[in-house]
Every structure is written in structure tokens, then in C-alpha cells.
Amino acid sequence: MRKRTVAAVAATTVLGAGAAAVAAGRYVSDLALKPSPDSVEPDGRLTVHATAAGQVTMTRAQVSLRPGVYGLTGDGVHAAVGEVLWTTPDTVARRLDRVYSGALDPGTQVRLTAQVHAGDPRAALGLDYAEVLVPGELGPLPAWFVPGVRPTWVIAVHGLGTTRELPLNVLPALSGHRFPVLDLAYRNDPGAPASPDGLGHLGDTEWRDLDAAMRYAVEYGAERFVLYGFSTGATMALRAADHSALRNRISGLILDSPVLDWKSTVRAAAFSHGVPGALVPLGVRAAEGRTGLHAERIADAADPARLSVPTLVVHGPDDTLSSWSGSRQLAARRPDLVTLHTVAGASHSAMWNVDPAAYEEALRRFLTPLM
């Protein structure tokens, strides 16, 4: 059992049942409402054993054997790694593509992450961009704008435990199709204003920052836009498509690892951290009480009957944080609008990482009619 979980359980003895229940509920709800990379994917701490020309050797584990392209990140270090080159009973060697910061010295503690690149679009990818500020209801929202010639803009929003660096994975593909791209940082992100309670609301309030980005896009020449959301960013996109005054300008939605049932995501985050089952309902109730979240609001946004634009859903059965059953149901009930691209073997928000070429081909097929 993890140290924080042990502390939460021990509090039952020290504080008494009532106070301990409150403390445990706050702890469990924080896993989803104050997400960090560790809260999204807590397992997978790896140790660097050695580096050589074009490769890094690390602990052998299920996570280090994943197929595809990933970031390798730790305290002060970030690198991009590719396919597995060789294995031993104790180690895995992967292709080392680039070290963005720090050094992969032997003994360095790292983890695999879906965020491959670090830095801004120019430093990470060599793409021209402008740092812009989107006027939001809580204050200015930083965003990267990568120019393109098309009148349809793509507005990208990340999700749980990540930043606007995650959409850098797909930025070359979007820019290659000549779409202007606005990659948004929203409330509680680094450099963005904090929400009044300092908590994430799993897209339920954050969608208004996406709405602000849509208004900004129109002001600067966008005729239409495609909303591209990862995880709770997908929830934001659905809410915006349902509630924004500019929803008639939305020509399509791309939903990667969408969170369609916030309660199941809170439960999944708790279980992934080893929280005892008896404490999990306390966390769900605490999340609802602390934020005013109501399951039906997010569920209503994902109601297949409310969809009115073409939608690409990219999801898979190995996402343990957001069940893909909701994605399958959405696709089954609206085959006229929803295309489901299934990715096996991908963790939450890592659908691109497993097979970038196949993912980007699905993007191309979806976006071509919307150009």
C-alpha cells in the first residue's frame, strides 16, 4: 500500500471515524481534482541503468516494454524514446531520440509519459509560433498559436495531469495539413489563473476557457473550428459543443481518451493508487461536494442525441483511467456522425504514442472533409 494511502487509513485511528472519513474523502478526490502525472499513472517508476549512442537502458517492467514512442521524464530530466531495441530479464533498452533537459545518468529515476516533447513548438519541433494570451473569465490564458492558411482552426486542449505540451505530439500532423492551431493552457495550468477553489472540475467549468479560445479564434480570423480534446479536454469540447454561443461554428470534434463518466474516473484513480475499496465512495462524494459536480451534466454533454457535428473518438480497451465503454456506446448510437478509432495497448491519453502513423492517418481521413 502506498505511503499516502497508509496515512489516510491510519488517520481513522488518530482522528476518529468522522474526521477520518472527511480526510480520506479529500485525499481520494484530490487524485482527480488536483491531478499530477503521478496521480494519472502512479505505477511505472523506472531506474536508468546506462546510456549509449542512440539508446537508453532502464528497468524492465510492463510499462517500459510498451510499444511506441514516449517521453521519459524525471526530476529535471526529459527525453524522447522510441521502440524497444533489446531486453534482458532485468532491463529494457529503448531507442533514445532526444534529450530535452537534464541527463540520463545511471540511477536517475524516471517514468514513461505520453508527452514526448518538452518546450514550445519552435524549440521542440522547429515550428514557427506566437505566444498569445486569450482573455478568459478568470484572467489571461496562455496559448501557443501555430499559423496555417486554412479558415478552419484546430483548438487543442489537454487533460488530466498534463499541460499544453501534450498536444505537441500531434502538432506536426495538424500543421502539415495547414491548419492554424491554438494550443491552450487553461485554469490551474502553469501560467494560467487559478480557479477560485484551486480544484479541477473535470471539464465541467474548464469548458468556459475553451469557449474563450473560440471567441479569440473568431476575433483573429477563424471561420470555423475543430475542437481537439484529450481526456477531460474531450469533456470540455463536448460541453462547448453543447453550450457555447459559437457552437454553430464548430465543424468537428476529436476526442482522445474522453472522460465521459467522471465518477468512474475518480474511482479508477483511487484504485490505481491502492486506495481500499471502502474509501472510494467517500472520494466520489467528496469530489461532488467540493466542486458541485453532477454526473448528469457531463453525461448530458456526451448524450449521442446532442451530437450535431462529425466526431472522431480515439480510445482503446487498455485505458484504465477512463473506460472506453462510453466511447463504444457513443459510436454505436451515432454511426452517422461518430468514427471510433480503436487503439489496443494504449494507456490513458497515449493513443497516439502506440502507433503514430496509424493515428495520424485516422486524423487525416477525418479532417480532409473539414478542410
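Contact, in what follows, means heavy atoms within 4.5 Å. Axes are lines fitted to C-alpha atoms, for helices over the stretch in contact, and angles run from 0 to 180 degrees between N-to-C directions. Helices (H or I, at least four residues) and strands (E, at least two) are DSSP runs, numbered from the N terminus.

Before going on, a word on the source. This is a predicted model, in which local features need pLDDT of at least 70 and side-chain atom pairs count only at pLDDT 80 or more, while totals for chains, interfaces and linings use all residues. Residues are numbered from 1 along each chain as its sequence is written, and side-chain values use heavy atoms, with hydrogens and water left out.

Now the whole chain. The protein chain has 13 helices and 14 strands. Its radius of gyration, taken over C-alpha atoms, is 20 Å, close to the 21 Å that the globule rule (2.2 Å times the number of residues to the power 0.38) gives for 371 residues, so the chain is as compact as a globular protein of that length. Along the principal axes, the C-alpha atoms fill a box of roughly 55 × 55 × 40 Å. Of the 371 residues, 56% are buried; buried means under 20% relative accessible area, exposed over 50%, and partly exposed in between, with a 1.4 Å probe and protein chains only. The chain exposes about 14800 Å², and carbon and sulfur atoms supply 54% of that area. Those areas come from the Shrake-Rupley method with a 1.4 Å probe; for residues, only the protein chains shown count as cover. Among contacts between residues at least 6 apart in sequence, 73% join residues at least 24 apart.

Next, the sheets. Two strands pair if DSSP finds at least two bridges between them. In the order β1-β2-β5-β4-β3-β6, 6 strands close into a barrel with antiparallel pairing. Neighbouring strands of this sheet are turned by 50° against each other on average, direction ignored.

Strand β8, residues 139–146, is joined to β10 by 4 bridges, and the two run antiparallel. In that pair W144 stands opposite D183 in β10. Strand β9, residues 152–157, runs parallel to β11, with 6 bridges between them; T152 has R224 as its bridge partner in β11. On to β12, residues 250–256: β11 pairs with this strand in the parallel sense over 6 bridges, and F225 stands opposite I250 in β12.

How is β11 placed, buried or exposed? Of the 7 residues of β11 (residues 224–230), 6 are buried, so the strand is largely enclosed by the rest of the structure.

Last, some loop residues. Most residues other than glycine have a negative phi. L202, in the loop between β10 (181–184) and α6 (207–219), has a positive phi of about 55° although it is not a glycine. L202 is buried, with a relative accessible area of 3%. S349 is in the loop between β14 (338–342) and α12 (351–354), and its phi is also positive, near 65°. At a relative accessible area of 7%, S349 is buried. L293, in the loop between α9 (280–291) and α10 (295–301), counts as buried at 0% relative accessibility.
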